[in-house]
Amino acid sequence: MLSVKDIHITFGGRSLMAGASLQIQAGDRICLVGRNGSGKSTLLKLLAGDIVPDSGSITGRRSLKAGYLPQAVPAGDQATVFEMVAQGAGKTGRNLIEHRRLTSRSDPEGTTAGTRAVAHLVQQLESTAGWECQHQVEKILSALHLEPADLFGHLSAGLKRRVLLGRTLVNSPDLLLLDEPTNHMDIPSIQLIENILAKTAATLIFVSHDRRFTRNLATRIVELDRGQLRDWNCGYAEFLRRREKLLDEEVQQQQKFDRKLAKEEAWLRQGLKARRTRNEGRVRALEKLRKLRAARRERIGQLNLKVPDAVLSGKIVFDVQRAEYRYGGQWYVRDFSTTILRGDKVGIIGPNGCGKTTLLGLILGRLDPGKGRVRQGTKVELAYFDQLREQLDPDKTVQDNIGDGNEILTVGGRRRHVIGYLKDFLFSPDRARSPVRTLSGGEVNRLLLARLFARPANVLVLDEPTNDLDAETLELLEERLIEYTGTLLLVSHDRDFLNNVVTSTLVFEGEGRICEYAGGYDDWRQQSKAAREAVDRRAARKTKGPRKATGRPRKKKLGYNEQRELDTLPGKIENLEAEQQNLYAQMLAPDFYTREGTVIAQTKKRLEVIEAHIDQAYARWEELQTFSETA
């Protein structure tokens with residue numbers, strides 16, 4: 001489908017690609033991975049034809065239709081959702097937009113001219129399959145759960161990404177190029193996009209740092225590393241295993257090379273022997289080794305991410321009792337209670353716009369509840385990661401945003417120069433002196449992390465910290481949060497990140513109702529599913545119940561023992577179901593999965609036994625009732 005051969009491209013004096021090559025086959029679902037700033041977005045722009053390489057070639061089918069979803073979100077304040085999506089259909093889409101605008105006007109002035117314009121547009125639409133295009137736009141809007149009349153500029157960032165994806169899909173492209181398609185999306189939206197992209201017939205190349213999204217979708221991984229494209233031709237899990245092995249081998253080879261180079265340099269310094277004629281070949285070989293070493297591109301370093309220790313907070317960090325918050329007639333938080341203890345790591349899950357940031361504001365005391373009580377514990381030292389990045393001044397330099405004009409910081413009890421501290425977060429001295437507005441999304445999030453960890457805190461509040469972070473940085477942040485001994489409140493749509501970090505979750509379940517579950521994302525899904533199934537079983541049993549007498553004469557009466565058994569079965573079932581509900585309540589308790597493994601296993605085993613006994617009792621009740629009523 002597409003061939004990339006020996007691409008070279010340089011931006012700002014930095015080489016992003018040096019001889020990169022890649023073959024793309026029809027039907028591929030390729031995830032492009034690499035560190036922040038390695039050139040992934042640049043490669044997508046090259047494939048889309050938005051920019052041209054310094055040298056090299058990109059060739060493919062002439063009839064190839066490509067759809068490109070950039071990382072940046074345009075303003076489009078006055079355009080409707082329908083209009084934004086229709087723009088992806090080119091001239092036909094623009095004619096559709098104009099037709100809708102003209103036919104929706106109610107102004108009587110200029111009626112004749114307007115009628116002529118509409119007639120002309122109808123003629124154009126009929127000659128270019130315009131009505132089929134309209135059907136395609138409406139179909140995509142329905143699939144993406146979008147309202148056509150909504151103004152694009154008024155939507156959340158996640159909804160805007162869905163609209164832009166619809167604009168990319170509307171022309172039925174052969175090749176889809178998607179740059180961070182799930183950024184700012186909530187979990188239901190991510191799952192919706194996963195399902196749509198899994199069913200598309202288009203060849204797919206996408207950049208994503210969402211590990212589960214990548215694992216579920218990608219059939220092939222291509223890594224952009226030090227200017228080269230490395231094709232792993234496998235899924236994400238296998239890629240991680242193979243890459244780890246390759247990097248270990250690379251380190252060993254480099255160490256072996258460096259030892260040889262050092263040995264040859266030492267030999268040369270011996271002097272006279274090196275200048276003999278018979279050793280000129282060895283000298284030339286050394287010159288070659290020096291050139292190879294000078295040409296070696298080291299891997300981008302890893303963040304030196306440390307969370308400074310703070311004094312212990314009180315045992316109770318936040319206590320919320322029956323809190324409520326309502327605004328503009330909409331419930332955001334309703335009759336909510338929780339107690340957050342020192343060391344708890346609490347995840348907050350919910351769709352965009354449901355009130356997750358509002359809930360944080362209530363818990364932290366920044367918003368007053370309409371009803372209820374919120375109490376903060378003693379000795380709380382708070383650090384807040386703001387998804388809206390309001391803590392940063394875009395016109396100030398990176399250095400000034402961290403040091404507030406000072407060159408020296410005190411971090412973890414040590415005095416450090418701002419530039420040296422920023423190097424821990426992979427900012428070069430030149431980059432540290434650049435304005436924040438020139439940074440990429442990943443760099444901005446690294447700067448926020450640098451600001452967050454510049455002072456000690458015993459409570460971390462992270463509002464969507466994973467957007468734009470590359471996989472290596474994400475995994476390192478994950479490790480540090482797991483090791484963190486303080487209290488954590490985490491808003492995230494990254495399912496794997498939630499699974500690996502949090503010990504309990506607060507889940508928005510509609511109309512301001514928030515329920516608490518033990519464990520991470522998968523634990524919540526499992527527990528909520530089990531609870532729903534239990535409710536469905538009870539409802540089915542109550543609906544079904546024992547059969548009532550039909551009034552027909554019985555051929556045979558139950559024996560004494562059988563009748564006694566039938567009479568006692570309702571009470572037995574009631575007792576079993578009461579114990580079942582008690583076990584469910586235990587398992588839903590926030591501290592359940594912190595208990596000993598034997599206690600958890602025994603509770604689960606007892607629940608299985610109880611459910612089996614309930615099923616047997618209902619079956620026996622029906623059997624005896626049916627037998628006693630048989631005519």
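This is a predicted model: local features need pLDDT of at least 70, side-chain atom pairs count only at pLDDT 80 or more; totals for chains, interfaces and linings use all residues.
1. Ile221 belongs to the largest nonpolar core, which has 46 residues. Together with Val137, Val163, Leu178, Leu197 and Phe206, Ile221 touches the most other members of that core. Apart from this core lies another one, of 45 residues, with Ala432, Val444, Leu448 and Leu490 among them.

2. Now for the charges. The whole structure holds 23 salt bridges. One of them joins the side chains of Arg220 and Asp231, at 2.6 Å from N to O. Arg220 sits in strand S8 (residues 220-225) and Asp231 in strand S9 (residues 228-231), so this pair ties together parts that are eleven residues apart in sequence. Is each partner buried or partly exposed? With a relative accessible area of 6%, Arg220 is buried, while Asp231, at 37%, is partly exposed.

3. Arg230 pairs with Asp225, and the closest N and O atoms of this salt bridge are 3.6 Å apart. Arg230 is partly exposed at 28% relative accessible area, whereas Asp225 counts as buried at 9%. Have a look at the surroundings too: Glu223, Asp225, Arg226, Arg230 and Arg243 are linked in a network of salt bridges.

4. Arg211 is in helix H8 (residues 211-217) and Asp494 is in the loop between strand S18 (487-491) and helix H17 (495-501), so the pair ties together parts that are 283 residues apart in sequence. Both Arg211 and Asp494 are buried.

5. Arg162, in helix H6 (residues 157-169), is worth a look. Arg162 is buried but has no salt bridge, and the nearest side chain of opposite charge, Asp186, is 5.0 Å away. What does the side chain of Arg162 reach instead? There is the backbone oxygen of His145, at 3.1 Å, and a polar contact with the side chain of Ser189, at 2.7 Å. Beyond its neighbours within four places in sequence, Arg162 is also in contact with residues including Leu144, Leu146, Met185, Leu192 and Ile193.

6. Last, helix H16 (residues 471-483). At 1.5 Å a residue its 13 residues should span 18 Å, and the end C-alpha atoms are 18 Å apart, which agrees. The buried residues of H16 include Ala471, Thr473, Leu474, Leu477 and Leu481, and also Glu472 and Glu478.

Technical notes: Residues are numbered from 1 along each chain as its sequence is written. Side-chain values use heavy atoms; hydrogens and water are left out. Helices (H or I, at least four residues) and strands (E, at least two) are DSSP runs, numbered from the N terminus. The expected span of a helix is 1.5 Å times one less than its number of residues. Buried means under 20% relative accessible area, exposed over 50%, partly exposed in between (1.4 Å probe, protein chains only). Lys and Arg count as positive and Asp and Glu as negative; His and the chain ends are not counted. A salt bridge is a side-chain nitrogen of Lys or Arg within 4 Å of a carboxyl oxygen of Asp or Glu. A polar contact is a pair of N or O atoms within 3.5 Å; within protein, one must be able to donate a hydrogen and the other to accept it, and residues adjacent in sequence count only if both atoms are side-chain atoms. Contact means heavy atoms within 4.5 Å. A nonpolar core is a set of buried Ala, Val, Leu, Ile, Met, Phe, Trp, Tyr and Cys residues joined through side-chain atoms within 4.5 Å.
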